[in-house]
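This report describes selected features of one structure, part by part. The sequence and the structure come before the text.

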Amino acid sequence: MKRFLSAVLFFVVLLFLWQAFFRAKIWSSVLLPSPLQVANYLKGAIEDGTLGHATVITMRRLLIGYFIGIVVGLPLGLLIARWNLLRDTLGTTALGLQTLPSVCWVPLALLWFGQTEAAMLFVVVMGTLWSVIIATETGVRNVPPIYRRAALTMGSKRLHIWLKVILPASLPFIVSGMKQGWAFAWRSLMAAEIFVTILTGFGLGQLLHYGRELSAMDQVIAIMLVIVVIGLLADKIFFSPIEKFLHRRWGTSQA
Amino acid sequence: MRRLAARSSSASQELKVIAPSKLAIDNVSKSFQSASGTVLALDHVSLQVDEGEFVCLVGASGCGKTTLLNIIAGLEKPDSGNVLADGKPITSPGRDRLVMFQEPALFPWLDVFGNVLFGLKLKPNLTNKDRRDVAKYYLELVGLTRFERANIHELSGGMKQRVALARALAPNPRVLLMDEPFAALDALTREQLYGDLQRIWEERKKTIVFVTHNVREAACLGERVLLFSPHPGRIQEEFAVDLPRPRDINSVDLAGYATKIIRSLRKFSEERREDGR
């Protein structure tokens, strides 16, 4: 409770500072709107459905692409860890492509798929996939061999060992890879939405972009806030509980 | 057999099956490549282990005793010779011969109960309720009923080895192979576990092959102690330990046996030195 209150206090102080800067009129109000103006924009955007609509479109792109990235990346990571031939070929490719900032896929995606949903999905998948592959492979390689031996003597064989021993044993690595993949996917999707108008849907990035075009600073700041909040929520709702569970089970953290 | 509340009849049935194996190791050799050349870990080793017998293999590190254990487990293959369990050749690991390693090798993603259940889940012809009942029985046998929902990292070293013992016993193997399972524990915990292991062996009637470099431990646990000599790995001498159970590791009678074995161990290394080997 005490921690919660001090966190609330911190953000209230932040708001007051913002308001104070606005009142001081150091910058023109076109460049720095007041918290109230931003709140008003948010209220209006929520009421006329713009914000909800854009959020749904963005999250749909993100979640579908992220899901594809994991569903394809996880087995590929396992296969690469299993066969050295795949490791030398596909593994090296994955390692190389992982170092490529995923926003660099945007020009290629536009040329291949045009201004379509497919282009957006492609960028998100490319952001997720390589991180998940690399993390899965690293996780599998870090499983202590004794687990395998113990499982073998208990009658566990091939597929059973992979599903019930090697996969869960590499979970800490896989989850941190999923988290990294999420971060990459989220960033590259925002970049893609800001760059490109997709006729089939108007996402958060596009709202941000049009805020700039219209010099509507309240809109720009409001959308940035929404993007931050979504990122925070994803962490608190999805990743945090998984990580807490892993820490508790493995005993890797006091928290 | 101990009583447990509400155990289904098929689970009781499963717990009643007591069928220790007979092991026959015949002329087994195994060599490894190392940086300093070929090491003959086992040189034509032969050994019989009776049904329900408790045999200890002692010797200095590198004398091949762990290699022999791994071969019986099916985790390694001999270069030559035969290993038979109940007359059938051993070709792969199997749940009739379970291994307890020096490290507990428990799975950190499962809790204590999940670890004990792991091997049972691989055993066909049991209902899930049977499996849970059997797992509970073995957790009680090693005295850890209160900790069945604990995470592995929350246990002490001795408790972890107890869970590992319960996990190895749960699928009801015919042979229990133990590779210095108590070496990393403190003396007090170890002495408790000597008592536990003797009690469990008498209750569950397993064939046990126990590898250690601790001579007293071997004399305390084994009905028969086989002394291994290294380079090449051979069985040098055999001792029968004829003492009533439960044996206390600190007893004078036991010290007598241990001294005899240690003397033989020393004699052998001195002879070697004189030979200039």
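## An exposed arginine and the basis of the model

Arg146(B) is exposed, its relative accessible area being 76%. In this report, buried means under 20% relative accessible area, exposed over 50%, and partly exposed in between (1.4 Å probe, protein chains only). Arg146(B) lies in the loop between α4 (128–141) and α5 (157–169) of chain B. Helices (H or I, at least four residues) and strands (E, at least two) are DSSP runs, numbered from the N terminus. Between the C-alpha atoms of Arg146(B) and Ala218(B), 72 residues apart in sequence, the separation in space is 31 Å.

The model is predicted: local features need pLDDT of at least 70, side-chain atom pairs count only at pLDDT 80 or more, and totals for chains, interfaces and linings use all residues. Residues are numbered from 1 along each chain as its sequence is written, chains are lettered from A and ligands numbered from 1 in the order in which they are written, and side-chain values use heavy atoms, with hydrogens and water left out.

## The four-stranded sheet of chain B

One open sheet of chain B has four strands in the order β2-β1-β4-β5, with antiparallel pairing. Its edge strands are β2 (37–49) and β5 (88–89) of chain B, each of which pairs on one side only. Two strands count as paired if DSSP finds at least two bridges between them. Helix α2 (residues 65–73) of chain B packs on this sheet and touches β1 (23–34), β2 and β4 of chain B. Contact here means heavy atoms within 4.5 Å. The direction of α2 makes about 120 degrees with that of β1(B). Axes are lines fitted to C-alpha atoms, for helices over the stretch in contact, and angles run from 0 to 180 degrees between N-to-C directions.

Strand β4 (residues 80–85) of chain B is joined to β5(B) by two bridges in the antiparallel sense. Leu84(B) has Pro89(B) in β5(B) as its bridge partner. Pro89(B) is exposed because its relative accessibility is 58%. Not counting residues up to four places away in sequence, Pro89(B) touches Val83(B) and Leu84(B). The C-alpha atom of Pro89(B) is 36 Å from that of Arg266(B), 177 residues apart along the chain.

## The six-stranded sheet of chain B

Another open sheet has six strands in the order β6-β7-β8-β3-β9-β10 (chain B), with mixed pairing. Strands β6 and β10 (234–240) of chain B stand at the edges with a single partner strand each, so one side of each has no neighbour in the sheet. Neighbouring strands of this sheet are turned against each other by 20 degrees on average, direction ignored.

Strand β6 (residues 97–100) of chain B is covered on both faces: Arg97(B) and Val99(B) on one side, and Leu98(B) and Met100(B) on the other, are all buried. Strand β6(B) runs parallel to strand β7 (residues 175–179) of chain B, joined to it by four bridges. Met178(B) in β7(B) stands opposite Met100(B). Four bridges also pair strand β3 (residues 54–58) of chain B with strand β9 (residues 224–229) of chain B in the parallel sense, and Val58(B) faces Leu227(B) in β9(B) as its opposite residue. Helix α6 (residues 187–204) of chain B lies across β3, β7 and β8 (207–212) of chain B and runs at about 155 degrees to β8(B).

## A buried serine

Ser264(B) belongs to helix α8 (residues 252–275) of chain B. With a relative accessible area of 8%, Ser264(B) is buried. Its contacts, leaving aside neighbours within four places in sequence, are Leu227(B), Gln236(B), Glu237(B) and Phe239(B).

## Backbone exceptions

Most residues other than glycine have a negative phi, and most peptide bonds are trans. The peptide bond from His231(B) to Pro232(B) is cis, with omega near -5 degrees; Pro232(B) is in the loop between β9 and β10 of chain B. Another cis peptide bond joins Arg245(B) and Pro246(B), with omega about 0 degrees.

Asp86(B), not a glycine, has a positive phi of about 50 degrees. Asp86(B) sits in the loop between β4 and β5 of chain B and is partly exposed at 31% relative accessibility. Asn125(B) also has a positive phi, near 65 degrees, and is exposed at 77% relative accessibility.
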